[in-house]
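Reader: Can you walk me through this one? I'd like the packing and the charges.

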Amino acid sequence: MSSEYAKQLGAKLRAIRTQQGLSLHGVEEKSQGRWKAVVVGSYERGDRAVTVQRLAELADFYGVPVQELLPGTTPGGAAEPPPKLVLDLERLAHVPAEKAGPLQRYAATIQSQRGDYNGKVLSIRQDDLRTLAVIYDQSPSVLTEQLISWGVLDADARRAVSHEEV
């Protein structure tokens, strides 16, 4: 395993661990000693090679698919993240309510949950777009085109949707 690949794999491991709110010591405690903090830390730094078997066991411990832990395969070894889905809330306010009502209510709910009231833009997740597509009774790609035509989403959002639907 190349040093760069090991570092990228380690970064993925660290990201999953921190997303779950675990410290290295917390991993050791939660696993009842099965995963030693020093070992997991060395995997995360890329200082120690992890076998496929151990990686599968670690993925199982974290409750994620193994492929979530693997670095991307694009040139340079790093996966290019899909573009963010960012709603332009100022433009959304100018779309007629009969068209945009469900989206406006959904965006207001997300803002409330996040305590994010900047009123200009709102980042949404792929899952949010899928939920909105169900609400609008459209596929995510068709809804994306509609939101782009309203000026609420940037045209770059097409790549995020096509990345997800591949």
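Author: What follows covers the cores, the strands, the charged pairs and the rings. This is a predicted model: local features need pLDDT of at least 70, side-chain atom pairs count only at pLDDT 80 or more, and totals for chains, interfaces and linings use all residues. Residues are numbered from 1 along each chain as its sequence is written, and side-chain values use heavy atoms, with hydrogens and water left out.

Reader: Start inside. Which residues touch the most other members of the largest nonpolar core?

Author: Leu87, Leu103 and Trp150, out of 24 residues in that core. A nonpolar core here is a set of buried Ala, Val, Leu, Ile, Met, Phe, Trp, Tyr and Cys residues joined through side-chain atoms within 4.5 Å. Buried means under 20% relative accessible area, exposed over 50%, partly exposed in between (1.4 Å probe, protein chains only).

Reader: Which elements each supply at least two residues of this core?

Author: Strands E1 (85-88) and E2 (121-124), plus helices H5 (89-92), H6 (97-114), H7 (126-135), H8 (140-150) and H9 (157-165). Helices (H or I, at least four residues) and strands (E, at least two) are DSSP runs, numbered from the N terminus.

Reader: What is Leu87 in contact with, leaving aside neighbours within four places in sequence?

Author: Leu103, Ala107, Lys120, Val121, Leu122, Ile124, Val152 and Leu153. Contact means heavy atoms within 4.5 Å. There is also a second, separate core of 17 residues, including Leu22, Ala59, Phe61 and Val64.

Reader: Strands next. In which sense do E1 and E2 pair?

Author: Antiparallel, over 4 bridges. Strands pair if DSSP finds at least two bridges between them. Asp88 stands opposite Val121 in E2.

Reader: Which residues of E2 are on the covered face, and which on the uncovered one?

Author: Leu122 and Ile124 make up the covered face of E2; Val121 and Ser123 make up the uncovered one. In a regular strand the side chains alternate between the two faces of the sheet.

Reader: Now charges. How many salt bridges are in the whole structure?

Author: The search finds 10. The test is a side-chain nitrogen of Lys or Arg within 4 Å of a carboxyl oxygen of Asp or Glu.

Reader: Give me one linking distant parts of the chain.

Author: Arg17 with Glu44, closest N and O atoms 2.6 Å apart. Arg17 is in helix H1 (residues 3-19) and Glu44 in helix H3 (residues 37-45), 27 residues apart. Arg14, Arg17 and Glu44 are linked in a network of salt bridges.

Reader: Are Arg17 and Glu44 buried or exposed?

Author: Arg17 counts as buried because its relative accessibility is 8%. Glu44 is buried too, at 2%.

Reader: And Asp47, what does that bridge to?

Author: Arg45, with closest N and O atoms 2.8 Å apart. Asp47 is exposed, with a relative accessible area of 54%. Arg45 is partly exposed, at 42%.

Reader: Rings, then. How many aromatic pairs?

Author: There are 2. Phe61 and Tyr62 are tilted, 5.4 Å centre to centre and 55° between the planes. Tyr136 and Trp150 are edge-to-face, 6.3 Å centre to centre and 65° between the planes. Rings of Phe, Tyr and Trp (its six-membered ring) pair if their centres lie within 6.5 Å; planes under 30 degrees apart count as stacked, over 60 as edge-to-face and the rest as tilted.

Reader: Where do Tyr136 and Trp150 lie?

Author: Tyr136 lies in the loop between H7 and H8, and Trp150 in helix H8, so the pair ties together parts 14 residues apart in sequence. Tyr136 and Trp150 are both buried.
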